[in-house]
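This report describes selected features of the structure shown below. The conventions used are stated where each is needed.

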Amino acid sequence: MSAPEPKQILFVDDDPAILSGLRVRLHRFDSRWAMYFADSGAAAIDELERCDYDLIIADVRMPGMDGVELLRTVSERWPDTIRIALSGYAGEKQVARLVPYAHQYLNKPCPSSQLEELIARCLRLHELLPDPRLRALAGSVRTLPVTIRAHTELQAALSQESAGIAAVSGIIASDTALTAKTLQLANSEFFRLARRITNVEQAVGHLGLGVMRALADSAGVFWRGAEHESITLRLDELQQHAKTVAAAARSLARDTPHGDDAWAAGLLHDIGYWILARDRQPELLRCLQLAVAEGLPLQEAEARLLGASHAQLGAYLLGLWGLPVGLVEAVAFHHAPERVAQAQFGALEAVAVAESLCGTDDAEIFNGRSVPASGVGTHYLKSVNAPFDWPEAARRVEASCRSVEAS
Amino acid sequence: MVLSALWAAIVVLALLALYRDWRLGVLVCGIAPIAPYLHITLSCAGSVMLRRDLEQDAWLLVEAAALGLGCVRWTLLLRDYTRAVAPLERQCSQGYQEVLERTAQLEASGEQYRALLESTSAVPWELDDGTGACTYIGAQVERQWGWPADRFREDGFLFSCVHPDDRPAFAQALEEAVAWQDVTIDCRFLFASNRYSNVRSFVRHAPDARERRRVRGFSIDVTVQKKLELELHQAQRLESVGRLAAGIAHEINTPVQFISDNCHFLKDGLGEVRTVLERYREALRAVAAGSLSAGEALERSLAEEQACDLGFLCENMPTAVERSLEGLERVAKIVRSMKEFSHPNQDAPSSADLNAAILSTLTIARNEYKYVAEVETRLGDIPAVICYASELNQALLNIIVNAAHAVSERAAGADRKGLITITTAVDGGEVVISVADTGAGIPQEIQDKIFDPFFTTKEVGKGSGQGLAIARSVIVERHGGSLTFETEQGRGTVFVIRLPATPSVETDTDAPEQGLLM
């Protein structure tokens, strides 16, 4: 068996000492990574034109074309290249400018092995989504459409001096796109957090309302989506479904330490559809037609036509954005939880069970098209050592569905 | 005949003296010559008796006529006089009334002025510079400074309240005031509470008919203002340090990043070199023991070297050490510059090398300009200057950051960096520092405002508009220098700082506590 082709990685920094330091430090990965070094934004563009890079790590402050500008160009011209910012110092404004274009952020000096781990983790995401075209699709996503209501409420709340963290996080938690972006930032190395956060209130508290305001003011971070732009699915219904699954998953995992993870995974589990509905309408439509015609679950139709399901696409995006591995995994496999060998009940299991039980009518989401549902059954609960039985799970899910509908 | 002429002359003179009317004189003189003829006529016509009667009657007639005329004349005169005098009399009494009123008014307005003068916190005074006694001092002095006003009438008392260190300057100020100049002088002044306060006095010459050396002035307690000024300076320093902190963090984080990278590489590399060394030793021992041929030993060692990429290690390890040392030097330089820049607050001026100050300020501010401008320094051979180093650094920093912003506004979007040139030289008795930028220049309409406090052309949040105001205040007021600029639209601006080579530095009055009398 031949060794896999080395991944192409490009480092950009205006300080040659940084580049030579990285060069010797990462020398031991030479066999796995082919590393190139550019000393300016313009040189990096030349290098990108010369060959395809899997990953780019760029300094933020550089003379001439700065890091934000460089990463923006890369996001437009080479969207499948994973973009990481490595910054010596950035204030709130700079972070807000970077957020749409950088998948991950690192601070200088970054501790031993952190850089290596981050690169390895990002490159492993390729296994989740082997098709470079889909990777480009996910890679080009700067932000996802925020529902008009959540967007308006958030702007209003943040414009008040007396805005409270609880109120702001309540609004964010009601919207998939806002939640995804907030969790991305809170989990980035930029904000130096020791542990991973999946609780929105903690995330907002950690970032601070100053950062949230900077984000809300920055163009292209929280993008206000049109409510009914899609012919294939209704975003508002999808949002409602996501909220229901999130609440149900949390109530299922409430006796485990994974309550927040389960909630976040529930809210974000269909994030792949946001991307498809935005940029791949015709393909999604064809998948729907295939699923209806052949009686296939939708994700299988997607796998057949697109090469990957919405679950993989969404998980890849969340992985790119540096969200916790457990969350990414839960999103990736929520339709096929058996493929992950788990001995205990966690976020993935909670989302899988919640989705099977919450009884959302797909026809409402997909503009009247009924696609065959797939889900887990009674036997599944036993296999993952769930701390409750199926009827109990059904009761909890039912209760959370009602409370979401009521709110 | 002679008798009658004599008689007539006497009558004429008497009448003239009595009535002061020449017409009477003419009349009498007219009658007198006819009288003898009357005599003759009468003597011819009648008896002597009759003649004499007639003569007497004539004289009586003349006298009566004269008297009648005199009475009429007097009456007329008296009437005229009364007519003329009445309005005068009225005017007189009116004038008198007016004088009374005016006097009252004057008294009132004087009282008002005095009340006005003496109700302010600024103490007015008038000093006889010859005796040193106050000829006047506002009554509020007791309220303001605690001393009873009378004390200042003692010879030299005012002077004795001035802090001994400030007396020469105060005397000098009075001297200048006597020489007809308006003088403003700040000095420490002893209050009755036995505490020195900062008092600012505005003094000017008071003209005096007797050529006495007299000056007038107002004195205000400016301790609070001085404190606020100091706090403002301090706040501006903190603000610029805060703004710089981000840049400094960047400047330090960068070398720390590559030092750490190089050290990780050295650590891993040394481990591998050690492994190779051990293999060498093993091979050597094996050769010595005869269990391995020299050829095999060489082959094994080479394979080992290859496995750990010894070539790369040997090539890069010395560079890694060098780079790390360079990085450490960079960090050390920044830290050193920060220390030099922020000299602990000095109470007294000290001798400083301005070239070194410029270099350390440039190191601190590097992140502000390095992306937009190249900096060229042409530092001449200049003498050490006695100054408040940290304040002067602050002024330099403000001017350099200003230049960087000017250049960045112009360089925005363009690929080419601007240029900031800093030159030092000696010109006569002055040290001249010029900071030239290739920015867009200062527009005509704001040229007279750029030194105003809080004037800024930058967007909200980017600058408080204090930078150049503080720079000017530090250079001009604290160091007796000058700060000027020349600007050309589209070409750039040159700020020129001139400092006396041995400047007369204003005595520091920031810490009134130090002035406590023991």
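**Conventions**

Axes are lines fitted to C-alpha atoms, for helices over the stretch in contact, and angles run from 0 to 180 degrees between N-to-C directions. Helices (H or I, at least four residues) and strands (E, at least two) are DSSP runs, numbered from the N terminus.

The model is predicted: local features need pLDDT of at least 70, side-chain atom pairs count only at pLDDT 80 or more, and totals for chains, interfaces and linings use all residues. Residues are numbered from 1 along each chain as its sequence is written, while chains are lettered from A and ligands numbered from 1 in the order in which they are written.

**Helix packing in chain A**

Helix α6(A) (residues 132-139) packs against α17(A) at an angle of about 55 degrees, and their axes are 9 Å apart. This angle makes α6(A) oblique to α17(A), since angles under 35 degrees count as roughly parallel, over 145 as roughly antiparallel, 65 to 115 as roughly perpendicular and the rest as oblique.

Contact here requires C-beta atoms, placed from the backbone, to lie within 7 Å. From α6(A), Leu134(A), Arg135(A), Ala138(A) and Gly139(A) take part, and they meet Leu313(A), Tyr316(A), Leu317(A) and Leu320(A) of α17(A). By class, six of these residues are nonpolar, one is polar and one is charged (Ala, Val, Leu, Ile, Met, Phe, Trp, Tyr, Cys and Pro count as nonpolar, Asp, Glu, Lys and Arg as charged, and the others, Gly among them, as polar).

**Buried elements of chain A**

A residue is buried if 20 or more other C-beta atoms lie within 10 Å of its own, exposed if 12 or fewer, and partly exposed in between, with C-beta atoms placed from the backbone. In helix α13(A) (residues 259-268), nine of the ten residues are buried, including Trp263(A) and Leu267(A). The elements that cover these buried residues include α9, α12, α14, α17, α18 and α19 of chain A.

Strand β5(A) (residues 104-107) directs Gln104(A) and Leu106(A) one way and Tyr105(A) and Asn107(A) the other, and all are buried. Its partner β4(A) (residues 82-87) pairs with β5(A) in the parallel sense over four bridges, where pairing requires at least two bridges found by DSSP. Ala85(A) stands opposite Tyr105(A).

Chain B contains 13 helices and twelve strands, and 27% of its 518 residues are buried.

In the interface, 23 residues of chain B are in contact with 19 residues of chain A. Helix α7(B) gives the most to the chain B side, with 14 residues. That side has eight nonpolar, nine polar and six charged residues.

Note on methods: Two residues are in contact if their C-beta atoms, placed from the backbone, lie within 7 Å.
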